[in-house]
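Visitor: Could you guide me through this structure, one question at a time? I would like to see how each answer is reached.

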Amino acid sequence: MVIGSMNDAIIMLAAICFPILFGAVILLMPEFSSRNRLLGAVGTGLLVTGILALLTLGSGEAGICLFSLGEKLEIFFRLDNLGRIFIVIVTIIWILAGFYSFEYMKHEKEEKRYFGFYLMTFGVLLALDLAGNIVTYYLFYEMMTLLSVPLVLHSKTREALMGGLKYLFYSLCGAYMVLMGLFFLNRYATTLTFTAGGTLNGELTAGNEKVLLVVVFFMILGFGVKAGMFPMHAWLPTAHPVAPAPASSVLSGLIVKAGVLGVIRTVYFLFGESFIRGTWVQTAWMTLSLITVFMGSMLAYREKIMKKRLAYSTVSQLSYILFGLALLQGEAMTGALLHVVFHAFIKSALFLSAGAIIYKTGRTNVDDMTGIGKEMPVTIWCYTFASLALIGIPPASGFISKWYLAEGALSSGTGIFTWLGPVVLLVSALLTAGYLLPITIKGFLPGADFDYGSLQKREPNLWMVIPLIVLALLSVVLGIFPNPLTEYIRTIVSTVL
Amino acid sequence: MSEYWILAAILLPIFGGVLTLLIPFKNRKIMMCYLEIVMLTTSAIVWKLILNGTTEVFHIIHFVEDLSISFKIDSISMIFAGLVSLLWPLAVLYSFEYMEHEEREKIFFMFYSITYGITLGIAFASDLLSMYFFYELLTLSTVPLVLHTLKREAVLASRKYLYYSIGGAAFAMIGLVFVIIYGVTCEFQLGGVLDMALIGERKNLLLWVYLLAFMGFGVKAAIWPMGSWLPDAGVAPTPVTALLHAVAVVKAGVFAMIRLTYYSFGPSFLRGTWVQNVVMGFAMFTILYGCSMAVKETHLKRRLAYSTISNLSYIIFGITLMTPLGLAGALCHLICHAVMKINAFFCAGAFMQKTGKSYIYEMDGVGRKMPIVFGCFTVSALGLMGVPGLAGFISKWNLASAAVESMNVQAYFGIGCLLASALLTAIYMMNTVIHAFFPGKDFNYGTLAGVTDPSWKMCLPLLVFSISVAVLGIFSGPLVHFLREAAGV
């Protein structure tokens, strides 16, 4: 069954299948004769996928139902505006981080496996963004978990193996909570296809609201696992830092967003926001996300290992987004979606700069980074710009999204949360400054008694620097010209609220 | 005419098995061909019967009045018979390579073949008495298989197995007697055969009897607390553990429970009574108990055995929903689990046979050395976890949808148990897979020199099963449709 034009549908399928098959072929092939051949193949794969993904954006309302796994279990893809935003950020960051890996992965072994899974995960993420019903979403959600595990445990050290397993089990735990919701939706919803405003069957639902509220809470909690929401956040600071830096950057920038997209789809496109407005579910959701915002920042503040610190920061920032969604208010949701985009660029830039530091100097502890700005000025400048954006200093991008979040909270009419939310966000922003900026300050201003003689130029080469610059620029520039994006997001918000 | 074909399907493997012992084969190869022909012929007859459709009751021996050994083919006997007839020839093929280094293989193959006939007898039995007859025979014919190695632990395990099974059958017997007395007939009929007029005030007594009979059959289905024979029986050669202790014997227990619940007592008699809460409670507890024990266990085959205990109770959970959809879900998991678990066991067997090791922590790095075997094992592992696109997801979906549909609050918690168990399954299966494929940074592959994938005789069944797991997961439509019809949805 095809909705819209056949050509659009075919491009859509191609964008999903090509990277998955291409990655699988790379995995199955015998070792390449030279490293350049492998990189050539991977580069082609990334670019072709990128082009296909961008081509899908141009298509109108296209959709395709591939086949049924069983009654009501349709594999169905459809493009909508929300999906478009996710496709754009996934494509940009995935390709940039991929090119960054060309240089970075030199000092790691078994690159073929890494790149194979990297490409496959790319396809799976595109599929998630294009998924038209919750069954398809769930299918690819599980696939994403399984395919990204090899990225986490790539180095095969004991720490990496443990991190990988922890990641796997937490994610599956979340996925099964979601699955629980699917069973109930299958009965109580008119259709499992995402429909703005919700699809609950009023007749069947009447009298069973209590059960369904528990179910929706489980689904939020389940998707929240991927998005690092308290109390299921503990995997994130373990798993993200042990992966190679480009993998951590896509894990922290994009894969966690799949959890956010899942929550949006569940709440706004299946249950409908009116179903949970004013119930205990909304209160619990807001409470948990605010706890996470504060806790993540605190933990990041006292963490000394740079990549772990960034991972804790992801925990905190993702809950900004979840809090914005929990308010069930237009402005807040706009802010949340803006933050999805901004945080993706910012956090990937931060992780890539952390990777550049590790690659060139081998330093991981923030206390050892005194004077680093003198050695790698471009990297640290990019880091600084991204940090400023994350803290929310105008006109960098983070300011815009936080502004909308705070404004939304103030006019949401959610009782205590109208003022508690903005206060927590503000405190967390201060903490963000506290944990990000010391690297810049110590990096550029090492102090009077610093031994400048031992410094050497250690800037990484262009494969690493260019992606970094692009991402850092994006995080700032989007804040200066936010209007087109904001307008676009408003159209999405207006359909569901 | 088809009556005699039923008899042929049951007797051919039994006599074929006995002849294995009597014929002096020149070499192993001829015996292998002979046995494989017997198996394939039997399976062909079974499929001919299945394709012909349902039959009338066929009495072969009359004891007194309406007590007889009689056969009939209805939709759920088709499902059970069809399942075992597909698995048996492949399992025999696998056994040829596996049993190469074991002694007394003739005796082994004799009983292995006889068990096939008896299992078909259970599937085709048309009333509780006939089924009970074959059910007892099944115990007797499989004890020598558990005993096969004649080691001390094998003797102990077979003794335990024997006592548990005979004891369970005795309880089931009580149910049989009451169904004969209080039933209109003792023949199986979907919806039950109890005569309400006869029961009158004694409903509670009948419920107690049902509980006893249910737990009696539950011994073979390894429901807690009667399941501890199953991990112990893992001392048997792997073809026995894989086919009998993951499919034929244990599923015969489950099959008997289906016959008892849906075809004798009737779900409408039981639904909503205290006994439903009790049996469902046992199933839910066993689901969690089985996989918790599996996580704790470090011996690969015992771990899989505990996993079987847990998965059997998925099926039992479906049965205890006492709705047609629940039955359909149970049948679906009966099939899907059979394929996934026999595959996992065969992989474990291949690993044990090639390396001589049997503990999880000894599995480091074998994934690279035996890519086919551990590729197939991974498929099974993912299937058991319920990853969508594989068989396990479909059966879990059907079971859980049935539970939601039943509007029974206890069943909602049952869904929770299913999912908690899926998570534990992920822990114990993925942990194994990770050991095999990611042995750690400094692992020395030299210690695994000489370990390779086994020959085609072992690999073919593995590949067939793995592909079926995927096919069942992707194209489940017709199967689910058939199962629903069989369950009377």
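Guide: Let us begin with a term: a residue is buried if 20 or more other C-beta atoms lie within 10 Å of its own, exposed if 12 or fewer, and partly exposed in between, with C-beta atoms placed from the backbone. This is a predicted model, in which local features need pLDDT of at least 70, side-chain atom pairs count only at pLDDT 80 or more, and totals for chains, interfaces and linings use all residues. Residues are numbered from 1 along each chain as its sequence is written, while chains are lettered from A and ligands numbered from 1 in the order in which they are written.

Visitor: Does B:Met407 count as buried or exposed?

Guide: B:Met407 lies in the loop between α17 (391–405) and α18 (409–437) of chain B, and it has a positive phi of about 55° although it is not a glycine. Because B:Met407 has 12 C-beta neighbours inside 10 Å, it counts as exposed.

Visitor: Is A:Leu328 buried or exposed?

Guide: A:Leu328 is a residue other than glycine with a positive phi, near 55°, and its place is the loop between α13 (306–326) and α14 (330–361) of chain A. Most residues other than glycine have a negative phi, and most peptide bonds are trans. Since 24 other C-beta atoms lie within 10 Å of A:Leu328, this residue is buried.

Visitor: How many helices and strands are there in chain A?

Guide: Helices (H or I, at least four residues) and strands (E, at least two) are DSSP runs, numbered from the N terminus. By that rule chain B has 20 helices and two strands, and for chain A the answer is 20 helices and three strands.

Visitor: What radius of gyration does chain A have, beside that of a compact globule?

Guide: The radius of gyration is taken over C-alpha atoms, and the globule rule is 2.2 Å times the number of residues to the power 0.38. For the 497 residues of chain A, a compact globule would have a value near 23 Å, and this agrees with the 22 Å of chain A. The C-alpha trace of chain A spans about 75 × 55 × 40 Å along its principal axes, and 61% of its residues count as buried. The radius of gyration asked for is therefore 22 Å.

Visitor: Which residue in the turn of the hairpin has a positive phi?

Guide: Within the sheet, A:Val2 has A:Ile64 of β2(A) as its bridge partner, and A:Ile64 stands opposite A:Phe77 in β3(A). The hairpin is formed by β2(A) and β3(A) with five residues between them, and the residue in the turn with a positive phi, about 70°, is A:Lys72.

Visitor: Which element gives the most to the side of chain A that touches chain B?

Guide: Two residues are in contact if their C-beta atoms, placed from the backbone, lie within 7 Å. The contact takes 26 residues from chain A and 26 residues from chain B. On the side of chain A, the elements that give two or more residues are α5 and α6 (158–188). With 14 residues, the element that gives the most is α6(A).

Visitor: Where is the cis peptide bond that ends at A:Pro231?

Guide: A:Pro231 is found in the loop between α8 (209–226) and α9 (235–242) of chain A. With omega near 5°, the cis bond runs from A:Phe230 to A:Pro231.

Terms used
Two strands pair if DSSP finds at least two bridges between them.
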